[in-house]
Amino acid sequence: MGVRNIVARLLPQVWKLQWKLWCRNRSDRIQRLDFAASKTDSQVAATHQFFLQEQQPIRPGAALQNKLINLRLGAAGVHHVIIQANQVFSFWKLIGNPSKKNGFAKSRSIVNGKLEPETGGGLCQLSGIIYLLALRAGLSIIERHHHSIDIYQEAERFTPLGADATVAYGYKDLRFINNLSQSIYFSFLVEPTKLSANLHSCEPVPMRLISFTYDFKDEMVAVQTLADGVPISVRQYRRNVL
């Protein structure tokens with residue numbers, strides 16, 4: 001192991017996070033990215049209709065109430081944020097640090113390949129439903145991370161394998177560019193058993209058909225994502241090993 005890796009392992013986690021955030025912010029400034037940040041007002045909202053919708057069940061579990069807290073706080077951060085043409089949507093730029101100080105609770109999350117309670121756990125369902133809507137709308141995905149491990153049996157899924165977008169503050173973000181010619185925004189409703197997300201626009205948004213194919217081999221599965229039948233990505237998952 002190199003000296004650089006040894007030093008990195010010895011640094012306190014809070015220092016590592018601050019370094020990652022600094023590097024990201026510096027990169028964003030260099031690229032001169034224009035991030036969406038402003039909420040819609042009533043006048044703007046009146047000109048936008050919802051054209052695409054996704055709904056997912058919220059599965060019961062021991063940490064359900066904490067997951068609902070996290071989903072509602074996260075959804076509030078991205079709800080009705082106007083994304084102008086050519087602007088960048090960033091999950092974490094809008095939600096901020098999912099810390100206890102900011103009201104987030106502990107719910108289950110995959111940490112270093114293990115299922116553990118973590119503050120902000122469960123937010124991946126929110127980022128995943130946004131990712132799926134963005135795919136269907138044909139938005140340009142510039143950062144998306146898939147879970148390395150598939151922890152679900154088929155009957156337990158709330159979304160198809162391959163439709164996920166894992167997020168980790170400072171490390172893994174969900175980002176896309178609004179490459180449409182008009183502004184858009186998302187709205188959300190978090191209910192005890194269901195998460196609903198809508199994409200609103202002032203002009204019709206053509207809907208792409210998103211599908212997935214699976215190639216199983218031993219403990220791995222390769223998931224290919226297709227838009228209107230055309231392959232757009234392939235990701236590898238380790239299967240049900242937790």
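Buried means under 20% relative accessible area, exposed means over 50%, and partly exposed lies in between, with a 1.4 Å probe and protein chains only. At 2% relative accessibility, threonine 225 therefore counts as buried. This is a predicted model, in which local features need pLDDT of at least 70, side-chain atom pairs count only at pLDDT 80 or more, and totals for chains, interfaces and linings use all residues. Residues are numbered from 1 along each chain as its sequence is written, and side-chain values use heavy atoms, without hydrogens and water.

- An open sheet is built from 4 strands in the order 6-12-11-10, with mixed pairing. Strands (E, at least two residues) and helices (H or I, at least four) are DSSP runs, numbered from the N terminus.
- Strand 6 (149–150) and strand 10 (210–217) are the edges; each has a single partner strand, so one side of each lacks a neighbour in the sheet.
- Strand 10 pairs with strand 11 (residues 220–227) in the antiparallel sense, over 8 bridges. Two strands count as paired if DSSP finds at least two bridges between them.
- Isoleucine 210 stands opposite alanine 227 of strand 11.
- Threonine 225 also belongs to strand 11. Beyond its neighbours within four places in sequence, threonine 225 has contacts that include Leu135, Gly162, Ile210, Phe212 and Ile232. Contact here means heavy atoms within 4.5 Å.

**Helix 6**

- Helix 6 covers residues 123–137, which is 15 residues. From first C-alpha to last, helix 6 reaches 22 Å, close to the 21 Å expected at 1.5 Å a residue. The expected span is 1.5 Å times one less than the number of residues.

**Nonpolar surface patch**

- Leu11, Val14 and Trp15 make a nonpolar surface patch of about 310 Å². Patch residues have over 30% relative accessible area and no salt bridge; nonpolar side chains (Val, Leu, Ile, Met, Phe, Trp, Tyr) are joined within 5 Å, like charges within 9 Å. Areas come from the Shrake-Rupley method with a 1.4 Å probe; for residues, only the protein chains shown count as cover.
- Tryptophan 15 sits in helix 2 (residues 13–31). Its relative accessibility is 56%, so tryptophan 15 counts as exposed.

**Salt bridges**

- Side chains of opposite charge can pair when their charged atoms come close.
- The whole structure holds 9 salt bridges. Each is a side-chain nitrogen of Lys or Arg within 4 Å of a carboxyl oxygen of Asp or Glu.
- Aspartate 28 bridges to lysine 93, with the closest N and O atoms 3.4 Å apart. The pair links distant parts of the chain: aspartate 28 is in helix 2 and lysine 93 in helix 5 (residues 91–95), 65 residues apart.
- Aspartate 28 is buried at 6% relative accessibility, whereas lysine 93 is partly exposed at 39%.
- Arginine 175 and aspartate 173 meet at 2.9 Å, N to O. Arginine 175 is buried at 6%, and aspartate 173 is buried at 3%.
- Asp28, Lys93, Asp173 and Arg175 are linked in a network of salt bridges.
- Glutamate 191 and lysine 194 form a salt bridge at 3.7 Å, N to O. Glutamate 191 is partly exposed at 27%, and lysine 194 is partly exposed at 29%.
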